[in-house]
Amino acid sequence: MPERSHFVVVANRLPVDRVTTEEGETTWRTSPGGLVTALEPVMRKHGGAWVGWHGATDESVEPFTHDGYEIVPVALSASEFEEYYEGFSNATLWPLYHDTVAFPEYHREWWDAYVVVNRRFAEATAEVAADGATVWVQDYQLQLVPQLLRELRPDLSIGFFLHIPFPPTELFQQLPWRRRILEGLLGADLVGFQVPGAASNFLRLVRARTDHRVERDGVALGDHTCHARAYPISIDTSGFKELAESPEAVEEADRLLEDLGHPKRVLLGVDRLDYTKGLRQRIRAIGELFAEGRLDPSETVFLQIATPSRERVEEYRKLRDDIDLLVGRINSEIGDIGHRPIVYQHTSYPRVKMAALYRIADVAVVTPLRDGMNLVAKEYVACHPGTEGALVLSEFAGAARELKQAYLVNPYDINGMKDTVMQAITDPAVVRRRRMRSLRRQVETHTIDAWADHFLGDLKRIGQARAGNPTWSLNPAENLARFIRARSAENEAEE
Ligand code: GDG
């Protein structure tokens, strides 16, 4: 049993994958993906423990230390993996929360497994958290954990962050277990969302579907107040920039250009292979630009990397087949022997190769149908050298609220998307540079550190207020009197 930690991150997956070296040794390597990219640097800075599933079913793994923090594995059985993870998390909640771009399925046995697994995560966390520790629960797979954890450990300061969108009332109401999910989240002291609209959706639903009183961003719950606010996530901007400027990345970029035959122009897409990422529409749009001669295949290459994801879920298998077919058709119609206008790789690359890809891309095309934030857009801005690049970005990514100087598109509007891609290519250099400079400023001033400090700072302040005001009342006058008493006590303590 590891020492109890004062800071605990709880996420469905651990930030590490088990790999076997050439010598046959088993070791753990940091895994790719949005949540891990965002939280790994936070964890390295704060230390503490990360509670999560280790990636294999029907197997218990002992806690261990990785990169200076504790890893606390939670076991899942094969049927739990199917029902809680592939089922309720990824075939119910994921499509529902992404505006039903795929059809959400509702099965009672999936929900039952979701409850069982959430309880297990809460119990594992309750064991590992020190007295009064700060616990930060992550994402849609664990929405019941805040409430379950508070029941077990009322002394903890509990934060929750949702990495994906939170749906509007009309969609969320479909969920047969809507109230249980809301109550689960309300167990937290602070629930963070990517954009203010998501926080408003949540508060609107709490008003409509529970008896709790909502005042501004707070929900009064007797023993605590749950606040709901927006904290747009970001990246380790300087870390990415350094990586992209490293000799390895520069060399890798040269190699990539060589392999591509030194095209005049590279368009780049990088996504997990997921139906929310708008790959079908994007590939169609760019394929049509080639077919119509607006893009010349002898000078432009569209490089699309699709990282394998959730491969056993039916909808994802279908997507993979569709993309293979679409890319194959376009290349066979427009390409030449030994020359493909679309270079499509269904694979995962090391980080340095990702940085090299961002270096060589003249235009990054990031066009999800719905996305909580989208870190790829920010990584491109951080990694692309100079100010010659251009970012084409979907209006429906959370990042669009911040990266306002991107070339914004509606990914459902194929003609509009085609025109905007062409504009990103043909705008005068001075316009492109101005846009890129503004984007760069944005990602340099809004980093992952700032995000974590903002969230954790707020969580700490809320915790302090709770300590000074343990019995929140629904009577505002009484609360005010109590607040004043707590403040004067604080001031006296400071003096
Ligand atoms: C969720 C939300 C939100 C991708 N391929 C490789 C690789 N990646 C890395 C990228 C980036 C991350 O994965 C993908 O992040 P996104 O934000 O684009 O998307 P999701 O995975 O859907 O993330 C999203 C995010 O959580 C954070 O809150 O922004 O809205 O859906 O960092 O670089 N990394 C490596 N090899 C790959 O092949 N090493």
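Which residues have the most contacts inside the largest nonpolar core? Here are some notes to go with the structure above, which is a predicted model.

1. **The largest core.** The residues with the most contacts inside the largest nonpolar core are Phe121, Phe166 and Phe202, and the core has 101 residues. Helix H3 (residues 108–128) gives the most to this core, contributing 10 residues. Domain 1 (5–230) and domain 2 (237–445) both supply residues to the core, so it lies between them.

2. **Around Phe202.** Setting aside its neighbours within four places in sequence, Phe202 is in contact with Phe166, Leu182, Leu185, Leu186, Phe193 and Ala228. Phe193 will come back in point 5, as one of the buried residues of strand E9. There is also another core, lying apart from the one described above, with 70 residues; among them are Ala11, Leu268, Ile305 and Val381.

3. **Two domains.** The protein divides into domain 1, covering 5–230, and domain 2, covering 237–445. Their centres, taken over C-alpha atoms, are separated by 30 Å. Where the domains touch, domain 1 puts 22 residues into the contact and domain 2 puts in 21 residues.

4. **The sheet of 10 strands.** An open sheet is formed by 10 strands with mixed pairing, and their order is E5-E6-E4-E1-E7-E8-E9-E12-E11-E10. At its edges stand strand E5 (64–66) and strand E10 (213–215); each has a single partner strand, so one side of each is left without a neighbour in the sheet. On average, neighbouring strands here are turned by 25° against each other, direction ignored. Helix H4 (residues 145–152) packs on this sheet, where it touches strand E7 (129–138) and strand E8 (157–161). The direction of H4 makes about 170° with that of E8.

5. **Strand E9 and its partners.** Which way do the residues of E9 point, and are they buried or exposed? Leu190 and Gly192 point one way from the strand, Val191 and Phe193 point the other way, and all are buried. On one pairing, E8 and E9 run parallel and are joined by 3 bridges, with Phe160 standing opposite Val191 in E9. On another, strand E9 (residues 190–193) runs parallel to strand E12 (residues 225–230), and 4 bridges join them. Within that pairing, Leu190 stands opposite His227 in E12, while Gly192 has Arg229 as its bridge partner.

6. **The sheet of 6 strands.** A further open sheet has 6 strands in the order E15-E14-E13-E16-E17-E18, and its pairing is parallel. Strand E15 (342–345) and strand E18 (407–409) are at the edges with a single partner strand each, so one side of each has no neighbour in the sheet. Neighbouring strands of this sheet are turned by 20° against each other on average, direction ignored.

7. Strand E13 (residues 265–272) runs parallel to strand E16 (residues 363–366), and 2 bridges join the two. Leu268 has Ala364 in E16 as its bridge partner; Leu268 was also named in point 2, as one of the residues of the core of 70 residues. Helix H10 (residues 279–291) lies across E13, strand E14 (300–307), E15 and E16, and runs at about 165° to E14.

8. **One face of helix H8.** In helix H8 (residues 237–245), the buried residues are Thr237, Phe240, Leu243 and Ala244. Looking down the axis of H8, you would find these buried residues within an arc of 130°, so they line one face of the helix.

9. **Two backbone details to look at.** Most residues other than glycine have a negative phi. Asp139 has a positive phi of about 75° although it is not a glycine, and it lies in the loop between E7 and H4. Is Asp139 buried or exposed? Its relative accessibility is 5%, and buried means under 20%, so Asp139 counts as buried. His262, also not a glycine, has a positive phi of about 45°. You will find His262 in the loop between helix H9 (247–259) and E13. The relative accessibility of His262 is 51%, and exposed means over 50%, so His262 counts as exposed.

Technical notes:
Residues are numbered from 1 along each chain as its sequence is written. This is a predicted model: local features need pLDDT of at least 70, side-chain atom pairs count only at pLDDT 80 or more; totals for chains, interfaces and linings use all residues. Side-chain values use heavy atoms; hydrogens and water are left out. Two strands pair if DSSP finds at least two bridges between them. Axes are lines fitted to C-alpha atoms, for helices over the stretch in contact, and angles run from 0 to 180 degrees between N-to-C directions. Contact means heavy atoms within 4.5 Å. Buried means under 20% relative accessible area, exposed over 50%, partly exposed in between (1.4 Å probe, protein chains only). The arc is that of the directions from the helix axis to the C-beta atoms. A nonpolar core is a set of buried Ala, Val, Leu, Ile, Met, Phe, Trp, Tyr and Cys residues joined through side-chain atoms within 4.5 Å. Domain bounds come from an automatic or database domain assignment.
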